[in-house]
Amino acid sequence: MQKNQGNLAYDLSKFESKEVRRRQDLIDRKKAKDAERKTKLEIKQQLKQEAKASSRQSVKIMFITCSMVALLGFMIYARAQVFTLGQKVDSLNDDIAISESEYTRLEMELEARVSTEKVEAYASKELGMEKLNKSQIEYIDLSEESKIVLSSPPEKQSFFEKITAQIEALKEQLS
């Protein structure tokens, strides 16, 4: 007795003729070659796309690198400027300190030259002056009645009198 094996598939290709098998093999080979060509084209296109993406990426990297180098250069330049300005400030502070000490020295020299003892000595020896005595002081009494005295207004001259006065002044200048 034979067992029921159920739903088994049969390989019908074993029953086909050799000619059909060859054709099928040729068709399969062509399909494989076509698929290989397609995959080669797809690979080439993918390589081109990757090359474009890679060149874009390298351009981005170069741009960022150049930007960073420029920024670094700017920072170095700015620090050099700050250092130079700091040196100038220090130099000016030194100049200020020297000027202040010179000012103090000149002030002390001026005070020494203008002291009251030296002025009194110069006035008595060179100018012949003496110190003020109480007998030399004269007081003025302003408690009397205050008056305001106006000078008399000039007399009004006529036109002819003014002309004759001008002519006489001219004569005096000419002679």
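What share of the 175 residues of the protein chain counts as buried? The share is 1%, where buried means under 20% relative accessible area, exposed means over 50%, and partly exposed lies in between (1.4 Å probe, protein chains only).

This is a predicted model: local features need pLDDT of at least 70, side-chain atom pairs count only at pLDDT 80 or more, and totals for chains, interfaces and linings use all residues. Residues are numbered from 1 along each chain as its sequence is written, and side-chain values use heavy atoms, with hydrogens and water left out.

**Fold and surface**

The protein chain has 3 helices and 0 strands. The order from the N terminus is α-α-α. Helices (H or I, at least four residues) and strands (E, at least two) are DSSP runs, numbered from the N terminus. Helix 1 covers residues 18-113.

The accessible surface of the protein chain is about 18500 Å². Carbon and sulfur atoms hold 59% of that surface. Areas come from the Shrake-Rupley method with a 1.4 Å probe; for residues, only the protein chains shown count as cover.

**Surface patches**

Patches are built from residues with over 30% relative accessible area and no salt bridge: like charges are joined within 9 Å, nonpolar side chains (Val, Leu, Ile, Met, Phe, Trp, Tyr) within 5 Å. Lys and Arg count as positive and Asp and Glu as negative, while His and the chain ends are not counted. A charge is placed at NZ of Lys, CZ of Arg, CG of Asp or CD of Glu.

A positive patch on the surface gathers Lys 44, Lys 48, Lys 52, Arg 56 and Lys 60. Lys 60 sits in helix 1. Its relative accessible area is 52%, so Lys 60 is exposed.

A nonpolar surface patch is formed by Phe 63, Ile 64, Met 68, Leu 71, Phe 74, Met 75 and Tyr 77. Together these residues have about 810 Å² of accessible area. Phe 74 also lies in helix 1. Phe 74 is exposed, at 54% relative accessibility.

**Salt bridges**

Side chains of opposite charge can pair when their charged atoms come close. Here a salt bridge is a side-chain nitrogen of Lys or Arg within 4 Å of a carboxyl oxygen of Asp or Glu. The whole structure has 5 salt bridges.

| Residue | Partner | N to O distance |
|---|---|---|
| Lys 40 | Glu 36 | 3.6 Å |
| Glu 102 | Arg 105 | 2.5 Å |
| Glu 109 | Arg 113 | 3.2 Å |

Lys 40 and Glu 36 are 4 residues apart in helix 1, about one turn of the helix. Lys 40 is partly exposed at 48%, and Glu 36 is partly exposed at 44%.

Glu 102 and Arg 105 are 3 residues apart in helix 1, so about one helical turn separates them. Glu 102 is partly exposed at 35%. Arg 105 is partly exposed at 42%.

Glu 109 and Arg 113 are 4 residues apart in helix 1, again about one helical turn. Glu 109 is partly exposed at 30%, whereas Arg 113 is exposed at 60%. Salt bridges with shared partners join Glu 102, Arg 105, Glu 109 and Arg 113 into one network.

**Aromatic pair**

Rings of Phe, Tyr and Trp (its six-membered ring) pair if their centres lie within 6.5 Å; planes under 30 degrees apart count as stacked, over 60 as edge-to-face and the rest as tilted. The count is 1 aromatic pair. The ring centres of Phe 159 and Phe 160 are 5.8 Å apart and the planes stand at 70 degrees, so this pair is edge-to-face. Phe 159 is exposed at 58%, and Phe 160 is exposed at 64%.
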